[in-house]
Amino acid sequence: MIPDSFKQDLLNRVDIVDVISARVPLKKSGANWVGLCPFHGEKTPSFTVSQTKQFYHCFGCSAHGNAIGFLMEYSGLGYVEAVKELRPDERKRAASPDEPDLYELLARAARYYREQLKTSMRAIDYLKGRGLAGKTAARFGIGYAAAGWQNLATVFTDYGAKALVECGLVIENEGKRYDRFRDRIVFPILNQRGLVIGFGGRVIEGGDGPATGEGKGSPGPKYLNSPETPVFEKGRELYGLPQARDAVRAANRVVVVEGYMDTVMLAQHGVENAVATLGTATTPTHVQKLLRQAAEVVFCFDGDAAGRRAAWHALEVSLESLSDHKAVRFLFLPAEHDPDSYVRAFGREAFERELVQAQPLSAFLLSTLASRSDLLTLEGRSRLIAEAKPLVRRVAAPALRIQLVRALAEAAAMTPQEVARLLELRDGTIGRTDRAPPAREERAAAVGSNEAKLLRALLGLPELAGAVPVEWLPAKSAESAAIRSVIERLVSSTGHPAPRPVSSAFEGAPFYGLLTRLEADLLEFKLEIDDLRAEFDGAIRNLERERKVLEINGMLAREEKAGLPERLREGAALRQRGEPAPLPAGTETPSKGL
Ligand SMILES: [Zn+2]
């Protein structure tokens, strides 16, 4: 894992305005920069970037974060990748002379395979026979690994180098070394930064080769991928994603298919927003990555039993990533077709029509469950609920979950309340509203409270963390709890740069939303150092005042028991009605509070 200090160091060296303006046009507006939000459609700019505070906030869709967060959202990068993206030179520096750069080796191999394709009539004929255009082959960098055991020795003078095995190009077996890809069409697999991280290889024989078993003499499995290596993790990567990125963004939809050729041929026919899983089942990481880039993910699988199984697995791993703003759909092509053959036979429009009509996740879920039970019997309907339970409980989208419960109730001839109880949905999904979001008025009031102001000042000036008298904070307020956590985090790393923005250290915390709203205030009300200092000082004075009132009240209560003079008790009554309490000499009377 990347240490936090490293991350903050990095964030201190980059300028978020450079990072974002390289990707989104920004205009100066007062102290901030503004532009059209890349995360939601808009005609007037509400996407705001603060150079002094080094974070962005969209007043339209509440997108919020620092430079790393921006790259993750914008380019769909994982955290580690985003950090790397911010440090493009890191790779070069890390590679010392005796530790060759795996990316570089893979890039050289990719170039070699591309050159080889030009010289092999057999490979060219095969690809032409499959309808592949030269332009498409170039776009995807498709190449050819010729027959022969050690062709790569012509590219790499040190064929015995450990790194060649490490990056998956060469296999070592009983002391012998040989090329992994032999007499195969090779499809370079790129990461989000466009670097080659592995290859997929397909046999040239037109027919279907044996599914498994790579013996000498036989062409081996039809498809062969690079193994997992330090630079290639199959469960994270998707074939064709860098090439598809613009089209995915434009369509706000990404299509997931099973094969390289499906992705490539769809692109050739104008469906450029398709990616492929890499010979592995869909993972939750895949789904999260895709849902970050588009509002809709369509899994397109073959209509046969294997395709249905793969689709069901994709459904299961999607449940926890669903949100009510995003949709996952399933498209099953006619049994005799895969996306490649379908788009060649019927063209782009027909395929796009299929996409639009693809089955929503909910329909696929319910129809599959219903088909497994006999809903005409009591037992069958009970079984439906039992089978639905582990799935529906994982659905992260609240509105969708409610509707699934209703649909299940109908199918099982029960009430939604009964179904919700059987599914043990704790959050009052059905029939109760104990988790309603705070009303707008409540939120406005909260933002204006003394603690909120204190917290807001801290978010803008984290270096003040040590100056907050934590023991004065009211015990039972959500904001106090947030302030305590923030201070603890800031003080424990004194001497290190503070997280930028401070909220970035609290993703997932119950008060994360509060922090981002207050940080947005910093931009909206253009609160700079002087304003924040004033707000901070005012809030501390109010805290002190409240503490004194509490102290005096406590003292009075004790004294009362012991028989307090009448005069003092009158004073206490006055104070309890909200009159100002006495302040030590030299302290200003605060204008607001209590
Ligand atoms: Zn936005």
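**Close-up 1. An aromatic pair, W149 and Y178.** This predicted model holds 24 aromatic pairs. Here we look at one of them: the ring centres of W149 and Y178 are 5.2 Å apart and the planes sit at 85 degrees, so this pair goes down as edge-to-face. The two partners come from distant parts of the chain, 29 residues apart. W149 is in the loop between β6 (143–145) and α9 (162–166), while Y178 belongs to strand β8 (residues 176–179). Y178 is buried at 17% relative accessible area, whereas W149, at 40%, is partly exposed.

Close-up 2. F299, F301, W312, F330, F332 and F364 make up one aromatic cluster.

**Close-up 3. The zinc site.** Four side-chain atoms hold the zinc ion: SG of C37, ND1 of H40, SG of C58 and SG of C61, at 2.1 to 2.2 Å. The angles among the 4 donor atoms run from 101 to 117 degrees, and the site is tetrahedral. Reading along the chain, the donors are spaced C-x2-H-x17-C-x2-C. C37 is buried at 6% relative accessibility, and C58 is buried at 0%.

**Close-up 4. Salt bridges across the chain.** The whole structure has 21 salt bridges. In one of them, R394 meets E320 with the closest N and O atoms 3.0 Å apart. R394 is in the loop between α16 (378–392) and α17 (398–412) and E320 in the loop between α13 (305–318) and β15 (327–332), so the pair ties together parts 74 residues apart in sequence. R394 is partly exposed at 30%, and E320 is exposed at 53%. Another bridge joins D521 and R456, with 2.8 Å between the closest N and O atoms. This one ties helix α22 (residues 512–524) to helix α20 (residues 450–460), parts 65 residues apart in sequence. D521 and R456 are both buried.

Close-up 5. D340 and R344 form a salt bridge, with the closest N and O atoms 2.9 Å apart. They are 4 residues apart in helix α14 (residues 339–356), so about one helical turn separates them. D340 is buried at 1%, but R344 is partly exposed at 40%. Elsewhere, E81, R236, E237 and K289 are linked in a salt-bridge network.

Definitions and conventions:
Residues numbered from 1 in each chain as written. Predicted model: local features only at pLDDT ≥ 70, side-chain atom pairs only at ≥ 80, totals over all residues. Heavy atoms only, no water. Phe/Tyr/Trp six-rings, centres within 6.5 Å; stacked < 30°, edge-to-face > 60°. Helix = DSSP H or I, 4+ residues; strand = E, 2+ residues; numbered from the N terminus. Buried < 20%, exposed > 50% of the residue type's maximum accessible area, 1.4 Å probe, protein only. Donors = N, O, S within 2.8 Å, 3.2 Å for Na, K, Ca; no water. Tetrahedral: all angles 85-135°; square planar, octahedral: opposite > 155°, others 65-115°. Salt bridge = Lys/Arg side-chain N within 4 Å of Asp/Glu carboxyl O.
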